[in-house]
Amino acid sequence: MAHIDIQNLSFTYPNADEKALSDICLSIGHGAFVTLMGATGSGKSTLLRLLKPELRQNGTLAGKIKYDGMDIENNGTRTVGYVAQNPEEQIVTDKVWHELAFTLENLGAKQRDIARRVAEIAAYFDMDAWLERDTATLSGGEKQLLNLAAVMTADPELLLLDEPTAQLDPIAASRFLSTVYRLNRETGVTVLICEHRSEELFALSDRVVVLDRGRLVYDGTPREVATSAATAVDAPDSPFMGFLPTAARIFHAVNGRGELPLTIREGQRFVENFDNTVRSLNDEAVIENREEALSLKNICFCYERNGADILRDLDMTVYRGEVFALLGANGAGKSTAAAVAAGLRKPYSGTMKLFKKPLKSYTNGSLYRGNISLMPQDVESVFIHETVGEELKYCEAVIDSFPYDLRPLYSRHPYDISGGERQLVALCKALSSKPGVLIMDEPSKGLDANAKALLRDIILKLKGDGVTVLLITHDVEFAALCADRCALFSQGRIAAVDTTQRFMSGNRFYTTAASRITRCRYDGAYTAERAAALIRRNGGAL
Amino acid sequence: MIVIQNARLRTVLRYIIPFVLIPAAVILSAVVFEGQRYLIVSLGIAALALLLFMTGFERKNIGSRRMVITAIMTALAVFGRFIPLFKPITAICVMTAVYLGAQAGFLCGALSVLISNIWFGQGPWTPFQMLAFGLIGLFAGYLSRFLLKHSLLLILYGVLSGAAYSLIMDVWTVLWYAGGFEWKLYLSAILSAVPFTALYAVSNVVFLLLLKKPVGNKLQRIKIKYGV
Amino acid sequence: MKCFEQLNPFAVAVYYLCVLGLIMFSMNPLLLAIALLTSVLSAVLTGTANGRAHLFSAIVFLVAAVLNPLFVHKGVTVLFYLNDRPFTLEAAVYGLSAACMLTAALYRLRELSRVLSSDKVLYLFGRFSPKLALLLSMTIRYVHLLRVRYRKIQDSQKALGLYDDGNLIDAVRGRARVLSILITWTLENGIVTAESMESRGWGTARRTSYAVYRVHAYDALFMFVCAALTALTAVGVYHSEVVFYPVLDMDLLSPWGIAGAGAFTLLSVLPLTINGTEAIRWRISISKI
């Protein structure tokens with residue numbers, strides 16, 4: 001018998017004209033690993049929440065959801081676990097052990113049983129060493145693992161994961177997904193996960209389900225779904241193209257035949273089929289006599305007098321009108337570097353210049369009005385007012401230049417709009433002072449492929465207008481899409497800096513999927529589009 | 001151990017404390033100690049009153065959203081004690097009580113004292129402070145209809161609660177120091193504390209006025225959005 | 001190594017309840033002198049108080065000692081007159097005792113705050129009500145969270161050119177704005193926490209409260225010793241009654257009085273003794289290896 005049986009499910013939110021979900025039929029067997037994909041607003045989260053009665057939102061529901069042939073309402077907390085996007089906010093208590101005990105406390109379990117389960121879970125998730133820690137001191141990835149572990153203490157049969165890795169850096173995301181995979185294989189828990197990280201998930205899942213505007217459009221094994229999505233008539237403009245793994249996108253862009261590649265290895269084998277007489281596109285622009293916009297020389301910084309240095313002799317130069325990406329692992333101090341560059345933290349040694357004048361010579365007023373602006377990682381820290389309209393009162397000029405119309409959102413509360421839209425409103429505010437240098441801290445965090453593409457367009461437009469952009473990010477793929485130069489940050493300084501093309505080709509591990517797929521055959525093919533262009537130049541389709 | 005996991009025991013306690021234990025403590029103090037041990041007695045009464053409230057709290061079914069909002073407001077009151085120039089603890093308790101009810105107000109007041117004293121120092125004054133701030137929140141909750149309608153009443157409440165708090169805590173200081181109640185010491189304590197009391201009352205009013213609209217709007221919105 | 005700080009929080013709380021209770025309610029000059037000496041000793045040995053804290057205690061001691069004879073003019077033995085008011089020996093002795101009491105209590109409370117960390121306070125209060133335990137735990141988490149966020153908001157507001165700290169009014173207004181953003185941010189996202197609670201079974205059954213602390217035999221033994229010493233001291237204090245006014249009348253060195261003082265001394269140095277013997281036992285067990 002199927003574990004979950006969804007029959008003709010439709011759902012409409014109150015005051016909404018369109019159905020959030022319409023006529024969904026889906027049957028999932030025990031122990032399956034199912035990935036649910038789709039753009040923001042396609043109804044993925046709605047569907048997931050409907051599967052957990054406690055989280056149901058108001059609205060009208062038609063159709064049936066059955067667990068093991070029984071009506072869903074008869075199922076309690078015990079059997080369905082749910083982990084959402086935001087690692088920080090899902091944590092309830094102040095200590096790690098307390099968080100693990102929380103579910104069982106709620107179910108009224110005895111001391112002895114709780115002690116046993118907490119120890120068991122801590123050992124399985126390798127968190128024994130942090131049981132006594134304050135939850136506030138954990139990193140984002142650790143927090144999300146804790147959320148997963150806390151849900152598993154109740155021993156659920158079904159695990160619902162709503163974009164659990166959207167806020168995590170790639171390494172933490174990988175660790176999280178492989179833990180989920182291990183749980184699925186070792187305990188047989190059924191997994192239903194909404195995610196954008198197709199690169200990994202297409203390799204892990206048994207099945208992929210794609211939703212579009214509330215309708216189920218594709219359902220099958222990862223290869224089936226990727227093939228049918230890629231060969232559909234309107235494929236090039238289809239919003240799903242962005243969600244496919246790079247190998248599949250290259251395959252599709254060159255109208256490849258045969259079995260569609262999904263992973264890096266399969267992609268490499270696919271690329272080997274083509275000639276490589278033309279090894280590179282030779283399109284690298286050489287710019288000379290560039291003017292320095294922001295320069296940091298021998299910057300040292302630490303938070304406490306006797307603490308470890310976060311920045312150690314950091315040297316960094318950003319030229320006028322370029323997009324410069326500072327890449328690196330989480331916790332390496334990138335954000336601190338951003339705060340220092342923005343003048344928010346004072347280094348204890350070194351010199352900083354902004355447009356050739358020492359940073360010290362600016363007052364707070366002149367620095368942040370017209371010269372430099374920072375879009376913070378947590379955009380919530382920007383919103384003061386109760387409507388988007390009030391927030392954007394003095395940003396008319398910026399709004400007009402945006403490719404996305406923010407005006408329809410004016411009457412909404414900043415917290416009632418989507419994460420991507422919130423990002424744009426914050427960006428508008430950061431741009432309202434017409435800064436010469438814009439620093440963006442993890443702007444692509446939590447965005448889906450389409451929102452990222454929009455953000456890239458905006459950044460490139462800003463660059464066209466002469467704004468210097470410093471991107472702080474752990475998202476290599478995003479940096480590859482918009483940066484002119486990239487730098488790898490490690491141990492408080494820059495370990496390597498180069499043009500994006502040379503940076504991506506030169507790196508073996510810390511680089512884009514396209515670059516890894518093509519590195520033996522071509523140079524500088526660091527995006528799917530560039531790889532496809534090179535293949536075409538070498539003779540095109542098979 | 002005094003783990004009160006047992007529901008029946010809690011119910012019994014709820015009635016025993018106000019109707020038996022507290023009167024007994026007062027009579028005992030009058031008869032046995034001949035009025036000598038005010039401090040022990042008052043400490044006992046404060047602790048019992050808090051215990052009474054806790055048993056009541058445990059009995060109720062409280063929604064997760066209400067728990068979260070109460071925890072956030074309490075944390076804000078605690079955090080307020082750390083910000084220089086800012087001591088909005090009373091204002092936050094009153095706002096919480098006015099929008100979320102007397103129980104939340106009491107919890108916000110009492111728990112913010114208990115938690116902030118982890119950093120500012122616990123002592124025998126903790127139960128008194130807890131009770132004092134708890135009661136400020138509790139009464140604000142009972143009076144919420146009037147306090148919401150008239151700003152003037154809110155200001156008056158801020159002044160009165162500030163003054164009452166100082167007067168009560170001074171009684172306690174004298175009790176501790178002198179072992180009994182001394183009018184002269186009490187008056188001198190009040191007089192020496194006048195600047196502080198005044199500052200305290202004024203800051204209550206300033207923060208109530210400053211926070212009333214923004215915090216009120218936020219809580220109102222959250223109440224609607226969360227369906228609390 | 002098992003030391004005093006690692007005992008069950010209840011045992012620790014009982015200890016301080018006993019010591020503070022005796023200090024605050026005995027008003028026996030001998031006992032209070034012992035209390036002051038032992039609490040200073042303990043503060044020095046455990047590193048509880050630094051130079052500034054000692055200075056503060058000294059000031060409290062002096063002020064408290066002088067305050068009583070200046071305001072209270074009871075007692076028959078007049079030492080001298082100040083502004084035509086009698087300064088009496090009785091009031092001075094009472095003042096000194098009260099000063100000892102106050103200072104000793106302050107030292108002990110400082111120690112209590114050091115030993116009772118937030119999770120221990122939470123454990124103690126959580127025993128009364130599992131729900132309250134959770135509320136406390138949630139609040140402490142939010143206090144940490146608010147601190148981090150306050151800093152972030154300050155930064156981003158400053159970088160947007162919206163934060164001036166030129167003068168006092170601007171500073172207060174800036175802080176109010178930061179606080180306002182902080183409240184919105186935390187309240188609005190609180191719904192995620194609430195949902196996380198609900199999806200993990202909040203309110204489905206009668207809640208229990210899990211604690212990492214266990215009660216061991218030595219915790220019970222420790223509490224028993226505390227209670228016994230306290231009882232002995234209390235009996236001693238009761239039998240050597242002290243009268244301050246109008247004439248000093250105290251028999252501090254009666255057999256009962258000496259027994260009480262001895263018991264109190266033992267009680268006062270109990271944590272030091274435990275930690276000391278443990279340290280010695282550790283040395284011995286190391287040397288055997």
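1. Contact here means heavy atoms within 4.5 Å. On that rule, eight residues of domain 1 of chain A touch seven residues of domain 2 of chain A. The bounds, 4-233 for domain 1 and 292-512 for domain 2, come from an automatic or database domain assignment.

2. Before going on, some ground rules: this is a predicted model, where local features need pLDDT of at least 70, side-chain atom pairs count only at pLDDT 80 or more, and totals for chains, interfaces and linings use all residues. Residues are numbered from 1 along each chain as its sequence is written, chains are lettered from A and ligands numbered from 1 in the order in which they are written, and side-chain values use heavy atoms, with hydrogens and water left out.

3. Back to chain A: domain 1 and domain 2 bury about 700 Å² between them, 53% of it on carbon and sulfur atoms (accessible area, 1.4 Å probe, that two parts lose on being put together, summed over both). On the domain 1 side, Gln167(A), Asp169(A) and His196(A) lose the most area to domain 2, together 47% of what that side buries.

4. What about salt bridges between the two domains of chain A? The count is zero (side-chain nitrogen of Lys or Arg within 4 Å of a carboxyl oxygen of Asp or Glu).

5. Over in chain C, the charged end of Arg149(C) sits over the ring of Trp185(C), 4.5 Å from its centre (the rule wants NZ of Lys or CZ of Arg within 6 Å of the ring centre and within 35 degrees of the ring normal).
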